[in-house]
Amino acid sequence: MLKAIVPILCVAVALGYPSYPSLIPNGFSVPNPCGGGIWRGVGHLAQIGSGPLNPFGMAFRDNDHRWNKTLCMLDSDGDGMTNGEELGDSGCHWTEDRPTNLPAARGHPGICEPVGSAKCAGSGFMC
Ligand SMILES: [Ca+2]
């Protein structure tokens, strides 16, 4: 049985959790605060979506991987914008089951922006 489970776990680890972006507003189009393009691992410190979690990833995990008003109203990265404002759901109305049309994401909810600014110095994150 172990021989059957180990390969499955290895594939799951290698792929990460691709469904998580579908559980948050604009999860597949969060801008990269370190330059152009998209930050694929919204809950991670690494752009590719693996390794340690960023503050938003920790809050998402602690909220049972659910987007709701509680997570929406948080400012996980402490940059002055709520997670909802950053992800284009400033009214906190988006749900996984009834996704609404949203404006584009304005920022990254897990990385204090602008990166390298005085207000973000305490985050320790560098591009
Ligand atoms: Ca924020």
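**Disulfides and a calcium site**

C72 and C92 are both buried. A disulfide joins C72 to C92. The model is predicted. The structure holds three disulfides. A calcium ion takes protein donors from D75, D77, D79, M81 and E86.

**C72–C92**

- The sulfur atoms of C72 and C92 are 2.0 Å apart.
- The S-S bond of C72 and C92 has an angle of -85° about it, and the link is left-handed.
- This pair links distant parts of the chain, with C72 in helix α3 and C92 in the segment after α4. The separation of C72 and C92 is 20 residues.

**C34–C127**

- C34 and C127 form a disulfide with an S to S distance of 2.0 Å.
- The link of C34 and C127 is left-handed, at -80° about the S-S bond.
- C34 sits in the loop between α1 (2–15) and α2 (55–62), and C127 sits in the segment after α4, so the pair ties together parts that are 93 residues apart in sequence.
- C34 is partly exposed, at 33% relative accessible area. C127 is exposed, at 60%.

**C112–C120**

- A disulfide also joins C112 to C120, with 2.0 Å from S to S.
- For C112 and C120 the angle about the S-S bond is -75°, and the link is left-handed.
- C112 is buried, and C120 is buried too.

**Pairing order**

- Number the bonded cysteines of the protein chain in sequence order, and the pairing reads 1-6, 2-3, 4-5.
- In general, a disulfide is a covalent bond between the sulfur atoms of two cysteines.

**Calcium site**

- D75, D77 and D79 each donate through OD.
- Along the sequence, the donor residues follow the spacing D-x1-D-x1-D-x1-M-x4-E.
- D75 and E86 link distant parts of the chain, 11 residues apart. D75 is in the loop between α3 (69–73) and α4 (83–86), and E86 is in helix α4.
- E86 is buried because its relative accessible area is 0%, and buried means under 20%.

Terms used:
Residues numbered from 1 in each chain as written. Predicted model: local features only at pLDDT ≥ 70, side-chain atom pairs only at ≥ 80, totals over all residues. Heavy atoms only, no water. Donors = N, O, S within 2.8 Å, 3.2 Å for Na, K, Ca; no water. Helix = DSSP H or I, 4+ residues; strand = E, 2+ residues; numbered from the N terminus. Buried < 20%, exposed > 50% of the residue type's maximum accessible area, 1.4 Å probe, protein only. Disulfide = S-S within 2.5 Å.
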